[in-house]
Amino acid sequence: MAKMSVDDKLGFDKFVTDEHESHIQINEDYHDEAEIKRLVMACPANLYHYDDGKLVFSHEGCLECGTCRVISGGKGVKSWKHPKGAMGVEFHQG
Amino acid sequence: MSSEEKFDAIVVGGGLAGSAAALTMARAGLDVMMVERGKFCGSKNSSGGRLYGHSLEKLIPNFAAEAPIERKITQERLSLMTEGGALSFQYGSDKLENLKYPSYSVLRSKFDKWLADKAEEAGVMLTEGFLVDKLVVEDGKVIGVMTGGEEFDADVVILADGVNSLLAQQIGMKKELEQKDVAVGVKEVIELGEDVINERFGLSGNDGAAWMMAGDPTGGNLGGGFIYTNKDSLSLGIVTTISDIGRVDVSVPDMVERMKAHPAIAPFIKGGKLKEYSAHLVTEGGLKMMPELVRDGVLVAGDAAAMVVNLGYTVRGMDLAIESGRLAGEAVIKAKNRNDFSAESLSVYKTLLEESFIMKLMKQYQNLPGLLEDHIIFNDFPKMADEFAGMVYKVDGGAPVALPMIALTVLANNGGLANLFDLGKKAWEAM
């Protein structure tokens, strides 16, 4: 199988994205580079980035695993909730 | 109470634990509502993909005849992998074909939906697409749930809301997960076709293979890789402990690509097409990370209660989830007969768990997580296996070296016997 980007992989999943609210809130003033690097590496959906000294995140494509919440211990990720009912990722294989 | 109706029990989460609990209670005539946040039960669920059938067999005898199972596992594979090599072990036997309680590969979005439908058929009111925002607590007793802006009351709430049980955390029954106690699993379902799978794995009919890998897939991090054969697809993925992320310079999603590109794996997935990409947490801390299981008006079951054992060569969670769900249901039935839903009355759940295989397993392996934290197993063993086999099977016209000498050389190159001795001692103590 040819190498695939995470973005391409997410294209095979079904999402019902909440356009109004993100279920994850990050701390944009967090600057611990070593920990941010781990957070960026950890997300299976590759949704965390460190651009120009700033932590950036988008909830679109979130697989709702909870890794970011656990790895950041309340620092980089300020709050983590489940998306509203029937929203977010919808697995058909699982 | 805003709702007219008060349920005997509300189950939060329509996964395997939740459905097992709901089904058990509905069969006894209890008035049960099960609330699932996904659009349908199973739509938020993913796991490696192997169900040991024994506990579901008690609930639905001969379930495999009607359930959407993928294949019956009759072939076991294990590989110790380095970046370029793999020492593999394959076991197939009529012993695996004729097990009284076989194991099956399953795809959770289909399988969990089927079990939830069984619960619904038994009389459970299934409410899908609703997230329970919080538990309703009165005088320290859980009396219901809030969902969709409405309150629903019940004598008992069973929390079967999975590894990220924010509800159990909200009321203080469970602490936040710690990095060293949880792993993230990332998985691809890859379509290959039934014939191709049978040919590549040497399988026929409905027979399936389970393949675990340690070493390279995770760059030597705690964890490993897995492949399970489904009917016409493979479940392929990696599991890596969160505290180890960043230990090597490979991101979690790249670990999957690294595994797929490995020379021992690539030929098996050649020409495959991705069907779905998923991720899910796996608790690994064992007994010591289990939360409080019972309080006034509330029980915790399945992944929410960290009922998972990681034995290194296999990870078991689904069979524990089903058993704990059934036992939670039984406990509520008993409490209902007494009309007493206090923690004391509900604590029969703990007694039932103690008597079941669940607590025996959790206790027997309570020190194993500590042992598996040793990088020797995930990093040094695969490397030593590769060196050993590489020397054994090398014929280059040079002087041949006898087997014992090769073993000693490999040992000497890798810290000698002392390391192994320490590990052996730890393993002994862990059992």
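Q: Which hand, left or right, describes the crossing in which α14(B) passes α15(B)?
A: The crossing is right-handed. The model is a predicted one. In it, the axes of α14 (residues 375–392) and α15 (residues 403–413) of chain B cross at roughly 145° and come within 9 Å.

Q: What makes the contact between α14(B) and α15(B), residue by residue?
A: From α14(B) come B:Met384, B:Glu387, B:Phe388, B:Met391 and B:Val392. They meet B:Leu403, B:Ile406, B:Ala407, B:Val410 and B:Asn413 of α15(B). By class, the residues of this contact are eight nonpolar, one polar and one charged.

Q: Why are α1(B) and α4(B) called roughly parallel?
A: Helix α1 (residues 16–27) and helix α4 (residues 108–121) of chain B pack at an angle of about 15°, and their axes are 8 Å apart. Angles under 35 degrees count as roughly parallel, and the two helices therefore fall in that class.

Q: Which hand has the crossing of α1(B) past α4(B), and which residues make the contact?
A: α1(B) passes α4(B) in a left-handed crossing. On the α1(B) side the contact is made by B:Leu16, B:Ser19, B:Ala22, B:Leu23 and B:Ala26. On the α4(B) side, B:Asp112, B:Leu115, B:Ala116, B:Lys118 and B:Ala119 take part. The residues of this contact divide into seven nonpolar, one polar and two charged.

Q: How many residues of chain B are in contact with chain A, and which elements of chain B contribute?
A: In chain B, 44 residues are in contact with 31 residues of chain A. The elements of chain B that give two or more residues to this side are α4, β11 (182–191), α7 (252–261) and β15 (273–283). The largest share, eight residues, comes from β15(B). By class, this side of chain B has 19 nonpolar, 15 polar and 10 charged residues.

Q: Why is chain A called as compact as a globular protein of its length?
A: The globule rule gives 12 Å for 94 residues, and the radius of gyration of chain A is 14 Å, which is close to that value, so the chain is as compact as a globular protein of that length. Along the principal axes, its C-alpha atoms fill a box of roughly 35 × 35 × 20 Å. Of the 94 residues, 40% count as buried.

Q: In what order do the elements of chain A run?
A: Chain A has three helices and six strands, and from the N terminus on they run α-β-β-α-β-β-α-β-β. Among contacts in chain A with a separation of 6 or more, 70% are between residues 24 or more positions apart.

Q: What is the phi of A:Asp52, and why is the residue called exposed?
A: Its phi is near 50°, a positive value in a residue other than glycine. Most residues other than glycine have a negative phi. A:Asp52 lies in the loop between β3 (48–51) and β4 (54–57) of chain A. The cut-off for exposed is 12 or fewer other C-beta atoms within 10 Å; A:Asp52 has 5, so A:Asp52 is exposed.

Q: How do you know whether B:Asp139 is buried or exposed?
A: B:Asp139 has 6 C-beta neighbours inside 10 Å and therefore counts as exposed, since buried would require 20 or more. B:Asp139 is found in the loop between β8 (132–138) and β9 (141–147) of chain B. The phi of B:Asp139 is near 50°, again a positive value in a residue other than glycine.

Key. Residues are numbered from 1 along each chain as its sequence is written. Chains are lettered from A and ligands numbered from 1 in the order in which they are written. This is a predicted model: local features need pLDDT of at least 70, side-chain atom pairs count only at pLDDT 80 or more; totals for chains, interfaces and linings use all residues. Axes are lines fitted to C-alpha atoms, for helices over the stretch in contact, and angles run from 0 to 180 degrees between N-to-C directions. Helices (H or I, at least four residues) and strands (E, at least two) are DSSP runs, numbered from the N terminus. Angles under 35 degrees count as roughly parallel, over 145 as roughly antiparallel, 65 to 115 as roughly perpendicular and the rest as oblique. A crossing is left-handed if the near helix is turned anticlockwise from the far one by less than a right angle, and right-handed if clockwise. Two residues are in contact if their C-beta atoms, placed from the backbone, lie within 7 Å. Ala, Val, Leu, Ile, Met, Phe, Trp, Tyr, Cys and Pro count as nonpolar, Asp, Glu, Lys and Arg as charged, and the others, Gly among them, as polar. The radius of gyration is taken over C-alpha atoms; the globule rule is 2.2 Å times the number of residues to the power 0.38.
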